[in-house]
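Have the viewer open while you read.

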Amino acid sequence: MSDDYLVRIGKLIRDARQHRGWTQSQLAEALATSQSAVNRIERGNQNISLEMIARIGEALDSEIVSLGYAGPMHLRVVGGRRLSGSIDVKTSKNACVALLCASLLNKGRTVLRRVARIEEVYRLLEVLNSIGVRTRWINEGTDLEIVPPTRLDLDAIDADAARRTRSIIMFLGPLLHRMDRFKLPYAGGCDLGTRTIEPHMIALRRFGLEIAATEGIYHAQVDHSVTPGRPIVLTERGDTVTENALLAAARHDGTTVIRNASSNYMVQDLCFFLEALGIRIDGIGTTTLTVHGVPHIDVDVDYSPSEDPVEAMSLLAAAVVTESQLTIRRVPIEFLEIELAVLEEMGVDCDRTTEYAADNGRTRLVDLTVRPSKLEAPIDKIHPMPFPGLNIDNVPFFAAIAASAQGQTLIHDWVYDNRAIYLTDLNRLGGRLQLLDPHRVLVEGPTRWRAAEMMCPPALRPAVVVLLAMMAAEGTSVLRNVYVINRGYEELAERLNSVGAQIEIFRDI
């Protein structure tokens, strides 16, 4: 860019910042950079990439700044490269979004450590900011501070941001204790087929919540005289359903028993956070949770969510598919034990360190080293089960791994209506996957991967699976419109590049 353009862009950024009422230091915190760097950018004295302009536009919610680029983000992948070295697992996406929703329970200051800087988190922050919650990145952009207002302004909610995340559904549990009536936009997120909120409603009706859905809006009404007089039995052992029931029970003045509860990683992290708020929970890690609620919560809390087992599985799959030796550090082993048992049956050569505690003091971690292996298809089908079974979100990665193994593997993704269909996108890269029905795929291996240009699947995990196959394919592939990957992974391309991948981020100009 010429100096003249740098000055003009700098003025646009300065005007957008001042319009939002931010100081240079606040913008610097949002960008994880220094105040002096922001000052140089605004004076036109620093070269600035289109990617940085896009990040500034997102931080300032300014279309004027975001006019510096056009179109969505794409990835150009030079495949056939071996990975090496070590890579750390980031904190859990699903735990972080649950904790953001849970912060609405607290009238005090909440600090979450090492929050995943992903699109799903950004959308929730936009929603929280729009209803009056003050948030800012602190400690060089690694931690997140959340300070609630005295009164939430639900009428000012950012509906566009809310519709881009399914996590908005977890506002129901905290909000039913704060107001008699409120409205929320329909939940969005990945395109995974029909996903009803009825299991949520069955649980939350026991706290007096009733919802009427009209024209893209949930109209909620709360009868505060209604309380759960007997145990709540969840009709679906779902993660977000369990979390919503926990969030409702947390401020219920009494004891709530939740049966058929999920005991998955994000649910446990939420329980640990609620304990930090002063709520006693018996049975963490089991399918029966007993919550001793606290009607008023006003504490300053500091909490560190644990690492993401699905990201750990993604990195493990990257090593397997590219036939690499890679050390994956800070792996939450208790949530990957079934997956590792299946992989070892298939012939994956790996070892692990002794266990150590995560920063939350509760989750068990290991460092895992994976080496090039000769794989055989598993005897039994691959299918998910509630924890401690094989994680639902880890099933897609077995499609790429099975494609690298000798023989046929049946993958049965019974939970989602159409996610298995997206796995057949691997056929564009040389895979041999046969769709038996919307839930079952037969994978034939081994695969000679080949480069291709294609659109990103609209579901998070299948999209990453396609990226991993491109990393294994000789030649140059292009994966277009990768917003869905950015929803769940922080700087995935850059981090894979740090261990030997060659992935370029670009946009259409």
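Strand S1 (residues 73-79) pairs with strand S22 (residues 475-480) in the antiparallel sense, and five bridges hold the pairing. Within S22, Val478 is the bridge partner of Arg76. Keep in mind as you look around that this is a predicted model.

Those two strands belong to an open sheet of four, with the order S21-S22-S1-S23 and mixed pairing. Which strands stand at the edges? They are strand S21 (453-455) and strand S23 (502-507); each has a single partner strand, so one side of each is left without a neighbour in the sheet. On average, neighbouring strands of this sheet are turned by 20° against each other, direction ignored.

There's another open sheet of four strands, again with mixed pairing, and its order is S4-S5-S3-S13. Here the edges go to strand S4 (134-138) and strand S13 (301-303), and since each has a single partner strand, one side of each is left without a neighbour in the sheet. From one strand to the next, the twist averages 15°. Zoom in on strand S3 (residues 110-112) and you'll find three bridges to S13, with the two strands running parallel. Leu112 is the residue that stands opposite Tyr303 in S13.

Then there's a hairpin: S19 and S20, with two residues between them. Strand S19 (residues 432-437) and strand S20 (residues 440-445) run antiparallel and are joined by five bridges. Leu433 has Val443 in S20 as its bridge partner.

As background, nonpolar side chains tend to be buried together in soluble globular proteins.

Setting aside residues up to four places away in sequence, Leu184 touches Leu154, Ile157, Ile168, Phe171, Leu172, Leu175, Gly216, Ile217 and Tyr218.

You'll find Gly216 in the loop between strand S7 (209-214) and strand S8 (217-222). Neighbours within four places in sequence left aside, Gly216 is in contact with Arg163, Leu184, Pro185 and Tyr186. For a sense of scale, Gly216 and Phe273 are 57 residues apart along the chain, and their C-alpha atoms are separated by 32 Å.

## A helix pair

Phe273 also turns up where helix H12 meets helix H6. Packed helices are described by the angle between their axes and the distance between the axes. For helix H6 (residues 93-102) and helix H12 (residues 265-276), the angle is about 35° and the axes are 9 Å apart. The crossing of H6 past H12 is right-handed. On the H6 side the contact involves Asn94, Ala95, Ala98, Leu99 and Ala102, and on the H12 side Tyr265, Met266, Asp269, Leu270 and Phe273. Sorted by type, the residues of this contact come out as eight nonpolar, one polar and one charged.

Most residues other than glycine have a negative phi, and most peptide bonds are trans. Here are some spots to check against that.

| Site | Backbone feature | Value |
|---|---|---|
| Phe387 to Pro388 | cis peptide bond | omega near 15° |
| Gly445 to Pro446 | cis peptide bond | omega near 0° |
| Arg114 | positive phi | phi near 50° |
| Glu323 | positive phi | phi near 55° |

Where do these sit? Pro388 is in the loop between strand S17 (364-371) and helix H15 (397-403), while Pro446 is in the loop between S20 and S21. Arg114 is in the loop between S3 and helix H7 (119-130), and at 29% relative accessibility Arg114 counts as partly exposed. Glu323 lies in the loop between helix H13 (309-321) and strand S14 (326-332); Glu323 is partly exposed too, at 46% relative accessibility.

Definitions and conventions. Residues are numbered from 1 along each chain as its sequence is written. This is a predicted model: local features need pLDDT of at least 70, side-chain atom pairs count only at pLDDT 80 or more; totals for chains, interfaces and linings use all residues. Side-chain values use heavy atoms; hydrogens and water are left out. Contact means heavy atoms within 4.5 Å. Two strands pair if DSSP finds at least two bridges between them. Axes are lines fitted to C-alpha atoms, for helices over the stretch in contact, and angles run from 0 to 180 degrees between N-to-C directions. A crossing is left-handed if the near helix is turned anticlockwise from the far one by less than a right angle, and right-handed if clockwise. Ala, Val, Leu, Ile, Met, Phe, Trp, Tyr, Cys and Pro count as nonpolar, Asp, Glu, Lys and Arg as charged, and the others, Gly among them, as polar. Buried means under 20% relative accessible area, exposed over 50%, partly exposed in between (1.4 Å probe, protein chains only).
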